[in-house]
Amino acid sequence: MQRRPLPDRHGGPVCATSDLVAPLAPKATATRITDIAGRPTSRNESRAVSPVIGASLRPGDVDSANRRTRPIATTPGIRTSTTATRTTTTRTTTSELASSANQSAALGDGLPPSFAELVTAYFDCREHKRNTASALAFEVALERNLATLHEEIIGGHYQIGRSICYPITRPKLREVWAATFRDRIVHHLLYNRIAPRFYASFIADTCACIPGRGTLYAARRLEAKVRSITQNWSRPAYYLKCDLASFFVSIDKRILRERLAARVSGWWMALADQILFHDPRTDVELRGFESRLALIPPHKSLFNQPAHLGLPIGNLSSQFFANVHLDLLDQFAKHQVGARHYIRYVDDWVILHESAAWLNAAKASIEEMLRDRLALRLNPSKTILQPIDRGIDFVGHLIRPWRRTIRRRTARAAFHRLGRRRPADFFTSANSYLGLLRQASHSSGDRARFGRLALQRRHCVDLSLTKVYRRKCQ
């Protein structure tokens, strides 16, 4: 079945003087499969292209409609043929390696971005953050600012601006770095161009910073794995949960750069190098309480790391780079260790198995690989090996026999914070917390508690206890 080609963004070319009132980024649509020569293929012709993201994964692994992205570049030299009989289906895949120069040309790595790509990155960047002060300041002279930024990028004069560093206390004390709005646009620009080629090689159990693979996806997937290995809680099994010690500030940029260069080259690799090796400590504005920054342990602060170590927590580029860096861990756990039931969310990962001794051996192998190839180490205080029926605490969810709930500490803290909200902020906060509770399969008790609080604050609640409404004045 052939698919229709993507429509033109505006029915015509996009230039720097385009009217930006109407959105320039189209919604995600189906991509027509084309041959290497670029012409549409018929049902009887070969489709010598790499599969679309998620085509080889299980349904629902990647939701590409959540992010506006351009068509994925095909990989030359790969031909896949399928021969079907009445009872069996034989799939034969042959691969011919193409030269790096040809691959770079096919992916367009030697060409700088068009103005339309920059505008798409702008719309992605401002999504859900349009009312922030930096976004509003950039939007005052939107067309001029975008045109200037595009000229700087094309001419090679783009410089990364000042970063903002401030401490947060929840879920724990740590420092967060925020780039300027124009720099975040460039982060989205790089992400939109190079992320699809990495997503195509990620395993289905890699979560975080991937469209359609958030905390709810990770919790449901782990729950399905638990039910599978325990045969619906009828057999005993064990889980190994590990966490990397001071992960973001311990990332070796030189090792990460090698993994990026394996799939990126040319102009876009130069941009990735500029973002990766930029030291935000050279131009930083400290906000918040400096006394709280002083409480952060030295080994967890980016200020105390060598120049070649550490990524700033808070930028889209850092989250994406972290997934690229730990893809080696995912591939090693699945294909070398042989962990059938494995899942990772950022630097937290879980392995399930029927034998506790096997999990201990797997931990030793993974720990050695992390030390030798990624210069990372496990956090011994957060390494857990115990029976599954005691419950698995993962991505804010607690998975127990026949039930999945929100972590009790999270629910209690949310209820206390909601009780102190101002009347003007109560409506949005209550719906946000109810949305979090709605993700759990067993949360009716907590939702009833939030619903009673909403009624006391003179709001209305629907019968399913999933949404709060404003009460009209009489």
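**Helix H13, end to end.** Helix H13 covers residues 408-419, and its 12 residues should span 16 Å at 1.5 Å a residue; the end C-alpha atoms sit 17 Å apart, which agrees. The expected span here is 1.5 Å times one less than the number of residues. Helices (H or I, at least four residues) and strands (E, at least two) are DSSP runs, numbered from the N terminus. This is a predicted model, where local features need pLDDT of at least 70, side-chain atom pairs count only at pLDDT 80 or more, and totals for chains, interfaces and linings use all residues. Residues are numbered from 1 along each chain as its sequence is written, and side-chain values use heavy atoms, with hydrogens and water left out.

**The buried side of H13.** Buried (under 20% relative accessible area, 1.4 Å probe, protein chains only) applies to Ala411, Ala414, Phe415, Arg417 and Leu418 in H13. Looking down the axis of H13, these buried residues fall within an arc of 165 degrees (taken from the directions from the helix axis to the C-beta atoms), so they line one face of the helix. They pack against strand S13 (403-406), helix H14 (423-438) and helix H15 (444-456), with contact meaning heavy atoms within 4.5 Å.

**A three-stranded open sheet.** The strand order is S4-S3-S7, with mixed pairing; two strands pair if DSSP finds at least two bridges between them. Strands S4 (174-178) and S7 (284-286) stand at the edges with a single partner strand each, so one side of each has no neighbour in the sheet.

**Where S3 meets S4.** Strand S3 (residues 163-168) runs antiparallel to S4, joined by five bridges. Here isoleucine 164 stands opposite alanine 178 of S4.

Methods: Buried means under 20% relative accessible area, exposed over 50%, partly exposed in between (1.4 Å probe, protein chains only).
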